[in-house]
Protein chains: 2
Amino acid sequence: MSDALSSWRDGPARTEILDFIARITRRSSPDYVAPEARIATFDNDGTLWCEYPAQAQVFFAQWRLKALAEKDPGLAARQPFKAFLERDMKTIHELGKKAAFELAFTTHAGMTEEAFEEIARAFFAVTRHPTLGRPFNVLVYRPQIELLNLLHENEFKTFIVSGGGVDLIRAFAEDAYGIPRERVIGSSVKTRFESQGAAADLMKLAELNSFDDREAKPQNIGLHIGRRPILVFGNSDGDLAMMRYAKAGRGPRMALLLHHDDGEREFAYDREFKLSPLSEALDKAADFGITVVSMKRDWKAVFAEESPLKMQAAG
Amino acid sequence: MSDALSSWRDGPARTEILDFIARITRRSSPDYVAPEARIATFDNDGTLWCEYPAQAQVFFAQWRLKALAEKDPGLAARQPFKAFLERDMKTIHELGKKAAFELAFTTHAGMTEEAFEEIARAFFAVTRHPTLGRPFNVLVYRPQIELLNLLHENEFKTFIVSGGGVDLIRAFAEDAYGIPRERVIGSSVKTRFESQGAAADLMKLAELNSFDDREAKPQNIGLHIGRRPILVFGNSDGDLAMMRYAKAGRGPRMALLLHHDDGEREFAYDREFKLSPLSEALDKAADFGITVVSMKRDWKAVFAEESPLKMQAAG
């Protein structure tokens, strides 16, 4: 197992992860966990892929609004649409994550799931991260893909539990992470079932169904999975509730918190990032037995060098 | 494959199922479906196990109310609690499924998921079906377990999509059907996340989150699975929307409707069963390309003879 996690630097975090997996998979171990209970939940934005200076959800909304504004020019003059269209980050940051995401979700109302999927795939194909210059779905973290692969090899069921819109994540998660659509939990809007003759579709509405952040994360884990995770990975205060929920279960548990402290290879931010602050979780990590992973110290590489689809096929 | 489905009589339904599976799994077939898209959804009450003269959910509520009435004797005098406590089926039937189930859900309010799970397991251990005299979790249909096993052998992901409470189903589905907890979708109540120090729990509330019947079934499939099923099995009008949703997708699709027409081995009921009527779906089966399965004609055996857990271990 020493070849595993090769993009992780030798150090306490890597050692702890490898020890944990060894302990819970060894049949003779007192900490052995049966495969059906090997549930791992990962936040997505900032944990599995880049979320700075804003989540892909925000750039996706901006891209959609550009198309919508062509049909309705008045849109460009009204806030908060104006801020999105002009990539006015200060105003968007001040909205906070929930308001910014809710605005984003309204730009998808009135389309079927299938129509949304096509648009989401087009977004990944044609847009680029504003400073990193690469498609958003390629800006996934190589060390995390290695960790996901290692968990899959060890019969873990991995889930994404994200504040991002579930359908946007589903449009790339299977290719990027090897996590199938039914293992993606995210924020969601209500839908309307429309049927006529042989046609029957789910139409996306503007109304929020669940904003999957903070205490909604354990609530949605209860609803969708029905088992406490034994391993949780997050990067913000929005992930603290699901970490505490996992840690409170009986038996071996592990919670990991990624700290974005690498301004050279990625970005350095925590408390001041209004779209997803990391403050309380960092302060209380020791109290709650949460392992802090430093991007700068613990990761040899940050981004997947190739398209994750190719990496997977090669592996 | 001719040894498969041995509790199914030779006939159009069995042949159609076997042909469908062969067609979508043969790589050279124009109807080939990749394993990740082999999604099958099954209703539970009346499709995988007995639901007559009322769903286990109703008997579970009755059993819980008996315990609650010992602490609050006034309960026994108030409707609809009185009807449950006296097993007054006429009154319970007149409530209809949604009201009866909502009442049932309120009897679980104020407990954690884990406390609920223990109570549900006790219910299965100590109660019996009123006329069949066996534990509810043993009254599962042998032909359906064979079908689930066959689908699993053919890399299908099977899901339960039920109007029953998700946590009650999760308490037995993995043992009975080989369907893991995270593949159970059902009606659900809201929960509250409560944390203090190292403790962190989900507390069940009395308020309904989703009543998973009729159009809510495709809506919840969209939310939880994010893919249209290619095979759906149901037994009532409450399953028609998810059948139409599945059939409306491109490529090969199959929808099956179990008709309870076997008063000798089980029960004969359809239009008049107020807790879950079968009427519109039966009348329009041909229009929507739904295959009607007759319990009397198509099934050699009805119930699993042994505990399903033993069957699975033996198989």
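These are my notebook entries on two chains of a predicted model.

**Entry 1: how the copies relate**

I started with the two chains. I laid chain B on chain A and got an RMSD of 0.0 Å, using a turn of 180° and a shift of 0.0 Å along the axis. That is the relation of a two-fold axis. Next I asked which residue of chain B comes closest to the rotation axis. B:H224 does, with its C-alpha at 3.4 Å.

Then I checked the interface. Of the interface residues of chain B, 100% are also interface residues in chain A, so the copies meet through the same surface.

**Entry 2: helix 2 against helix 4, chain A**

I looked up helix 2 of chain A, residues 56-71, and helix 4 of chain A, residues 89-106. They pack at an angle of about 70°, and their axes are 10 Å apart. Angles of 65 to 115 degrees count as roughly perpendicular, so helix 2 of chain A is roughly perpendicular to helix 4 of chain A. The crossing of these two helices is left-handed.

Which residues meet here? From helix 2 of chain A I noted A:Q57, A:V58, A:F60 and A:A61. On the side of helix 4 of chain A they meet A:I92, A:A100, A:F101, A:L103 and A:A104. Sorted by class, this contact has eight nonpolar residues, one polar and no charged ones.

**Entry 3: the pair in chain B**

I went through chain B in turn. Helix 2 of chain B (residues 56-71) packs on helix 4 of chain B (residues 89-106) at about 70°, with the axes 10 Å apart. That makes helix 2 of chain B roughly perpendicular to helix 4 of chain B, and their crossing is left-handed.

In helix 2 of chain B the contact residues are B:Q57, B:V58, B:F60 and B:A61. Their partners in helix 4 of chain B are B:I92, B:A100, B:F101, B:L103 and B:A104.

**Entry 4: B:P12**

Last stop was B:P12, which sits in helix 1 of chain B, residues 12-25. Is B:P12 buried or exposed? I found 12 C-beta neighbours inside 10 Å. A residue counts as exposed at 12 or fewer, so B:P12 counts as exposed.

I also looked at where B:P12 lies relative to B:T291. The two are 279 residues apart along the chain, yet their C-alpha atoms are separated by 9.0 Å.

Terms used
Residues numbered from 1 in each chain as written. Chains lettered and ligands numbered in written order. Predicted model: local features only at pLDDT ≥ 70, side-chain atom pairs only at ≥ 80, totals over all residues. Axes fitted to C-alpha atoms, helices over the stretch in contact; angles between N-to-C directions. Helix = DSSP H or I, 4+ residues; strand = E, 2+ residues; numbered from the N terminus. Parallel < 35°, antiparallel > 145°, perpendicular 65-115°, else oblique. Left-handed = near helix turned anticlockwise from the far one by under 90°. Contact = placed C-beta atoms within 7 Å. Nonpolar A, V, L, I, M, F, W, Y, C, P; charged D, E, K, R; others polar. Least-squares fit on C-alpha atoms with pLDDT ≥ 70 in both. Buried ≥ 20, exposed ≤ 12 C-beta atoms within 10 Å, placed from the backbone.
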